[in-house]
Amino acid sequence: MEKLKPNEQRAKNAILWIWIVLALEIISLISSYMQYSLLQTVAGGGFISDKVANANNTRESIVGFIYAIAYIISFITFIMWFRRAYFNLHQKDKTLQFSEGWAAGSWFVPIVNLYRPYQIMKEIYNETKYLLTKKGLSEKVNYSTIYLGWWWALWIISGFIGQIVLRYTFRGADTVERFISTTIGHMILSVLGIPLAFIMVKIIKDYSRVEPLLTQVNDEQLELINEDSAELLPNE
């Protein structure tokens, strides 16, 4: 059985990039609101100079580009932490539902990515708590899975709205009304992204505090725990 691999730095990297994305969410929200105000002026029959319009387009493009890069890096660092956490748990529990590879692959498989990452995250939380409780360390496991539900709900809602905004963007906003709708969509995504970032940071921090305790579950105890778990599984 392999030893647990260090995951502290991956957790720190994931948290750092989530904070960066959070800051960019706020900047993006402000920038989108400024664009929304300009569009409302145009919709009301007001005049906007080419200089102001170009400045707005440049600002939005820069903010959007930087946000996209930071978001991709944040996504990658989170998955790296997520997969390592599931790998480590696999070393202490051979009755897990999925292979370690699913911790990364499940995010990229259509339909499956709507539920499998949540299942794995919940299993990480629950099985770790089970192992540490068996070890007599239940008092140190003070996290709650309620945040996982909020995390996944916000993630799915954001993804759904993001798809709608993306379709509008690729089709081209050929009217002021369509521009306004797209801008509102971006603002909604930014608003949802703020609590999502805080919850993700909490999830990572909560689990990172207890993950090192898995090293205290020795092989002898592990065999007994896995035997108990196997007895609870339905017979084929």
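Axes here are lines fitted to C-alpha atoms, for helices over the stretch in contact, and angles run from 0 to 180 degrees between N-to-C directions. Helices are DSSP runs (H or I, at least four residues), numbered from the N terminus. The model is predicted: local features need pLDDT of at least 70, side-chain atom pairs count only at pLDDT 80 or more, and totals for chains, interfaces and linings use all residues. Residues are numbered from 1 along each chain as its sequence is written, and side-chain values use heavy atoms, without hydrogens or water.

**Two helices**

The axes of α2 and α6 lie 12 Å apart, at an angle of about 30°. The pair is therefore roughly parallel (angles under 35 degrees). Phe78, Trp81 and Ala85 of α2 meet Met200, Ile204, Tyr207 and Ser208 of α6.

**The core**

A nonpolar core is a set of buried Ala, Val, Leu, Ile, Met, Phe, Trp, Tyr and Cys residues joined through side-chain atoms within 4.5 Å. Buried means under 20% relative accessible area (1.4 Å probe, protein chains only). The largest core has 46 residues; Phe78, Trp81, Phe82, Met121, Trp151 and Tyr207 touch the most other members. Its largest share, 10 residues, comes from α6.

**Two residues and their contacts**

Contact means heavy atoms within 4.5 Å. Neighbours within four places in sequence are left aside in the table.

| Residue | In contact with |
|---|---|
| Tyr36 | Ile180, Thr183, Ile184 and Met187 |
| Met121 | Phe78, Trp81, Phe82, Leu148, Trp151 and Ile203 |

Tyr36 sits in helix α1 (residues 8-43). The C-alpha atoms of Tyr36 and Ile180 are 6.3 Å apart, though 144 residues separate them along the chain.

How values were computed
Buried < 20%, exposed > 50% of the residue type's maximum accessible area, 1.4 Å probe, protein only. Parallel < 35°, antiparallel > 145°, perpendicular 65-115°, else oblique.
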